Amino acid sequence: MLNKDSILRIALQKSGRLSEDSFGLFKECGIKFESGTGKLKTSSSNFPAEFLFLRDDDIPGYVEDGVADIGIVGENVFVESNRKADISYRLGFSKCRLSIAVPRGVDYNGVDDFQGKSIATSYPRILGDFLKKQGVKAEIHEISGSVEIAPSIGLADGVCDIVSSGSTLLSNGLKEVEAIFRSEAILITNKKLSKEKHETLNKLLFRVRAVQTAQNYKYILLNAPNEKLQDIINMIPGMKSPTIVPLAMPGWSSIHSVLEENQFWENIEAIRAAGAEGILVIPIEKMIY
């Protein structure tokens, strides 16, 4: 029987890229829940969790206050909020950077160029801390949206905003000149989480690690002449040791191994030159070790 004290209340962004990546992660972890349009709260049918769908800016406060036990939020939002919660896990997706940008026609020699000037941003805390460390005194205009328009309307000399590809800056006649903060999705936890909920959180993180580890590895199968087995094994050692299966054709074996994808591509030509044939590279759904 489900212990209500162990049910984890999870705050997620209700819309946007971070929301899509978060929903995808839980799906890969085998956790089922409905997330229809307009829904603000739902429960999982196969895991002790409830989900709250919120504005990203509200998630740190909900977690700090204990309304939600954990939340997934951009690190930039969490740091800017200055809320008290623990970072339990760095999820590695929804990566971006907070950068300073100026009009394309402006010569930029360094952050000292902003001495006595003004910068428009939705992240005054992060920007203020950066400028203070650099010893630069600049006026910070806090605005909640459409930051990129500020220089063209005379509101500020530059902007500080989130950048992914940089296309938004370019379309507004700006150029990125200083990356001041790098962000990714993080899982934050209420500081007073109960023992029972910690146990549920550990079960969740176990699944998350299994899914994310699998994304970096591939299952490799290939056929090779027996006299070349050791040479090939040295190139694809696997987690402990490859599996060797004799083929019906005399003098040949099949090698099965698990390794990081980059390792495989770095060695593919050498593997083929050693006599490997029929090479298959298969995605791994979960990986536990």
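At what angle do H1 and H6 pack, and how far apart are their axes? In this predicted model, the angle between H1 and H6 is about 100°, and their axes are 9 Å apart. Angles of 65 to 115 degrees count as roughly perpendicular, and H1 and H6 are therefore roughly perpendicular to each other. On the H1 side the contact is made by Leu25, Phe26 and Glu28, and on the H6 side by Leu204, Val208, Val211, Gln212 and Gln215.

The buried residues of H6 are Lys197, Thr200, Leu201, Leu204, Leu205, Val208, Ala210, Val211, Gln212, Thr213 and Ala214. An α-helix has 3.6 residues a turn, so residues three or four places apart point the same way. Helix H1 (17–28) is part of what covers the buried residues of H6. The cover also includes several strands: S1 (8–13), S4 (70–74), S5 (86–90), S11 (185–189) and S12 (217–225).

A stretch annotated in a record comes next. UniProt, in an unreviewed entry, lists residues 214–286 as "domain: Histidine biosynthesis HisG C-terminal". Over residues 214–286 the chain is 30% helix and 40% strand. The end C-alpha atoms of this stretch are 5 Å apart.

Serine 99 lies in strand S6, which runs over residues 96–103. Is serine 99 buried or exposed? Its relative accessibility is 2%, so serine 99 counts as buried, the cut-off for buried being under 20%. The side chain of serine 99 makes a polar contact of 2.6 Å with the side chain of glutamate 176. Leaving aside neighbours within four places in sequence, serine 99 is in contact with Val159, Cys160, Asp161, Val163, Glu176, Glu178, Ala179 and Ile180.

Serine 183 belongs to strand S10, residues 174–183. With a relative accessible area of 4%, serine 183 is buried. Which side chain does the side chain of serine 183 join in a polar contact? The partner is asparagine 76, at 2.9 Å.

Note on methods: Residues are numbered from 1 along each chain as its sequence is written. This is a predicted model: local features need pLDDT of at least 70, side-chain atom pairs count only at pLDDT 80 or more; totals for chains, interfaces and linings use all residues. Side-chain values use heavy atoms; hydrogens and water are left out. Buried means under 20% relative accessible area, exposed over 50%, partly exposed in between (1.4 Å probe, protein chains only). Helices (H or I, at least four residues) and strands (E, at least two) are DSSP runs, numbered from the N terminus. Contact means heavy atoms within 4.5 Å. A polar contact is a pair of N or O atoms within 3.5 Å; within protein, one must be able to donate a hydrogen and the other to accept it, and residues adjacent in sequence count only if both atoms are side-chain atoms. UniProt positions are given in the numbering used here, feature names are shortened, and annotations may be inferred rather than shown by experiment. Axes are lines fitted to C-alpha atoms, for helices over the stretch in contact, and angles run from 0 to 180 degrees between N-to-C directions. Angles under 35 degrees count as roughly parallel, over 145 as roughly antiparallel, 65 to 115 as roughly perpendicular and the rest as oblique.
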